[in-house]
Amino acid sequence: MNTRTTANRRGMIRNGVVAFTAMMLAGCAGVIPDSAGPPPPPTEEGPTAGQLPDQNETRHRVALLVPQSGSNAGVGQSLANATTMALLDTNTANIRITTYDTATGARAAAQRAIADGNRLILGPLLSDNVEAVKSVAAPARVPIISFSNNKEIAGDGVYVMGQVPSQSLERSMKYAVGQGMQTFGAIVPSGEYGRSASDAILETARDTGARVLAIETYDRDTTSLAHAIKRLAVKGDYQAVVIADGSRMAVRAGPMIRDAEKAAKIIGTELWSGEEQIPQSAALRGAWFSAISDGRFKRYSDSYRSRFGNAPYRISTLGYDAVLLTINIARDWEVGSRFPTKGLSADDGFIGLDGAFRFDGGVIERAFEVREVTAGGVKVVAPAPAKF
């Protein structure tokens, strides 16, 4: 392990773990990010960021591109609030974050951000907006750390920080193989999510030596789902069956799979995390699925609520961790110079609210825990690795 990589990781641990503990004791005095343009009217999402004194010669300029109006405004405000918290909790004074509204046009937001001299873009939230932002940021050599989970958009200065669905399935299947399971079947929805899930299932099988006897696709309705499970049942005897979908379809599929494959272990996805319907379904009890750890989320959520008056969106931790990452790399970042993207390539990664993570080819790789569904909720059967 080289010295730079070790320093990166140790630095992120200090800012991600020690600083988060300090967060519980921190007051609300400190640095607050800027808002581009007039602040939006007060909403139930909590206070908006205020204007900072002009000290740009001593601060790094970072743009936050998220929706501040429209249907996703609540999510965008939660991400903005999280970046505020990260600066406050770490008492960071050398980074200025300005928020730009992508709901009124992602390209226009990026143009304003670049014109204002920002050297790093956090966001956008939606993968559909990344190309528009990139068309402006790439010529200016400004990297983008997107909150999207679409790994297809990564590369050429774009980093994907959202939770990539295929990694959850990979973690669960490898755990199942470790428990002696070798034959798998799967039902996946039609569309991009289903294609990504199928690719992950097949790739994990190749990596582990397991066999995928069949993958059946369905439209998201009960009749199509039932036909897919019947087709699956006649094609093999499975030790495990993957339901690559969220809770709504999973609770419908569970009883049908139990009828067709009574002994098979059911494996779900990260979409099951936090869904009350899952443990309420008797057919899904004993099922496994993988998700990022919630170990630090409650403390974060409590602090967020005390500051902003309501609960954060779960995805808002991406904003917090993106700021921790920026703070870590800013140690070797001269004010006014280009953001040193080399710092993102630490092999053993970083630590944030959502646990260990690192970037591989511009796509985030996360450490997942494996959970089991029980009558009383879910329990962790394999903790997330603490480091890579």
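Predicted model: local features only at pLDDT ≥ 70, side-chain atom pairs only at ≥ 80, totals over all residues.
**Entry 1: aromatic pairs**

I searched the whole structure for aromatic pairs and got 10. I started with Phe297 and Tyr300. Their ring centres are 5.8 Å apart and their planes stand at 45 degrees, so I logged the pair as tilted. Stacked would need planes under 30 degrees apart, and edge-to-face over 60.

Both residues sit in helix α10, which covers residues 297-308. They are three residues apart, about one turn of the helix. I checked burial next: Phe297 and Tyr300 are both buried.

Then I followed Tyr300 to its pair with Tyr320. This one is edge-to-face, with 5.8 Å centre to centre and 80 degrees between the planes. It links distant parts of the chain. Tyr300 is in α10, whereas Tyr320 is in helix α11 (residues 317-330), 20 residues apart.

How buried is Tyr300? Its relative accessible area is 0%. I looked up Tyr320 as well and found it buried, also with a relative accessible area of 0%.

I traced the ring pairs onward. They join Phe297, Tyr300, Tyr304, Phe308 and Tyr320 into a cluster.

**Entry 2: charges over rings**

I looked for charged ends sitting over rings. Arg314 places its charged end over the ring of Phe297, 4.3 Å from the ring centre.

**Entry 3: nonpolar cores**

Which residues touch the most other members of the largest nonpolar core? I noted Leu122, Ile145, Phe147, Tyr300, Tyr320, Leu325 and Leu344, out of 43 residues in that core. Tyr300 and Tyr320, the edge-to-face pair, are thus both on this list.

Elements giving two or more residues to the core include β2 (60-66), α2 (73-89), β3 (95-101), α10 and α11. The largest share, nine residues, is from α11.

**Entry 4: helix α7**

I turned to α7, residues 222-233. It has 12 residues and spans 17 Å from first C-alpha to last, close to the 16 Å expected at 1.5 Å a residue.

What caps its N-terminal end? I found Asp221 there, with a side-chain oxygen 3.2 Å from the backbone nitrogen of Thr223.

I listed the buried residues of α7: Ser224, Leu225, Ala226, Ala228, Ile229 and Leu232. They pack against strands β7 (183-189), β8 (211-218) and β9 (240-243), and against helix α8 (247-260).

Key. Residues numbered from 1 in each chain as written. Heavy atoms only, no water. Phe/Tyr/Trp six-rings, centres within 6.5 Å; stacked < 30°, edge-to-face > 60°. Helix = DSSP H or I, 4+ residues; strand = E, 2+ residues; numbered from the N terminus. Buried < 20%, exposed > 50% of the residue type's maximum accessible area, 1.4 Å probe, protein only. Lys NZ or Arg CZ within 6 Å of the ring centre and 35° of its normal. Expected span 1.5 Å × (residues − 1). Contact = heavy atoms within 4.5 Å. Polar contact = N/O pair within 3.5 Å; in protein donor to acceptor, adjacent residues only side chain to side chain. Core = buried A, V, L, I, M, F, W, Y, C linked by side-chain atoms within 4.5 Å.
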